[in-house]
Amino acid sequence: SFYMWKYAGNDLEGNWLIYDKDGDIIKASQGTYEDRQYVGNGLPKFTGSMTHNFRYKNVDLWLFFRGAFGYQIFNSHDFYYGTRNFTGNVLRKAYEKNNAVGLGANPVVCDYFLENGDYLKLDVVTIGYTWKPGFKYLDKVRIYGTAKNLATFTKFSGVDPSTYNVNGLYPGSNGSRTYYPSSRQFILGVQVDF
């Protein structure tokens with residue numbers, strides 16, 4: 001579970017405001033452990049995958065989808081790189097969505113950076129063509145192409161949500177600002193049956 005401060009805005013000086021345990025608005029610098037509250041869950045309520053196989057004459061198509069639903073992710077990239085207080089390269093949203101957020105102070109670990117992590121990913125697509133030449137020692141030849149990590153459908157504004165942990169150690173958080181981005185992969189192959 002995410003147990004953190006609830007975001008209440010920023011004051012004119014850019015200080016982060018939170019709700020205390022009584023529901024009053026205070027500066028985050030005055031917040032205590034007791035002011036933290038349940039704001040979400042980092043473990044998906046439902047994970048799933050599905051495959052689809054299609055064949056028409058000599059052409060075959062295989063699709064693999066997977067996804068996770070009903071959970072939240074702490075957008076650590078927004079937290080570190082999404083505000084103008086970071087010294088170094090920042091995300092574009094530091095000057096768009098987060099333009100007025102915390103101009104006078106460093107970001108605060110609060111539910112402002114918590115987002116819906118639901119996603120559906122088209123993970124693998126394979127399309128192939130099978131040729132049966134009718135030769136004595138050659139039964140068939142199949143030429144195919146496979147693409148991985150083609151599309152991710154999500155409202156999460158950070159990096160690929162499938163790269164975030166959904167285990168018991170750091171659910172809904174990658175634990176740091178460093179990560180290796182998920183890449184798109186393409187494979188061509190030939191399968192020969194004698």
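Y112 and F113 are both buried, where buried means under 20% relative accessible area, exposed over 50% and partly exposed in between, with a 1.4 Å probe and protein chains only. The model is predicted: local features need pLDDT of at least 70, side-chain atom pairs count only at pLDDT 80 or more, and totals for chains, interfaces and linings use all residues. Residues are numbered from 1 along each chain as its sequence is written, and side-chain values use heavy atoms, with hydrogens and water left out.

Rings of Phe, Tyr and Trp (its six-membered ring) pair if their centres lie within 6.5 Å; planes under 30 degrees apart are stacked, over 60 edge-to-face, and the rest tilted. The count comes to 14 aromatic pairs.

A nonpolar core is a set of buried Ala, Val, Leu, Ile, Met, Phe, Trp, Tyr and Cys residues joined through side-chain atoms within 4.5 Å. The largest has 16 residues, of which W16 and F74 touch the most other members. Strand 1 (2–4) and strand 3 (16–19) each supply at least two residues of this core; strands are DSSP E runs of at least two residues, numbered from the N terminus. A second, separate core of seven residues includes I73, Y119, F156 and Y164.

Strand 2 (residues 6–10) pairs with strand 3 in the antiparallel sense over four bridges, pairing requiring at least two DSSP bridges. G9 has L17 of strand 3 as its bridge partner.
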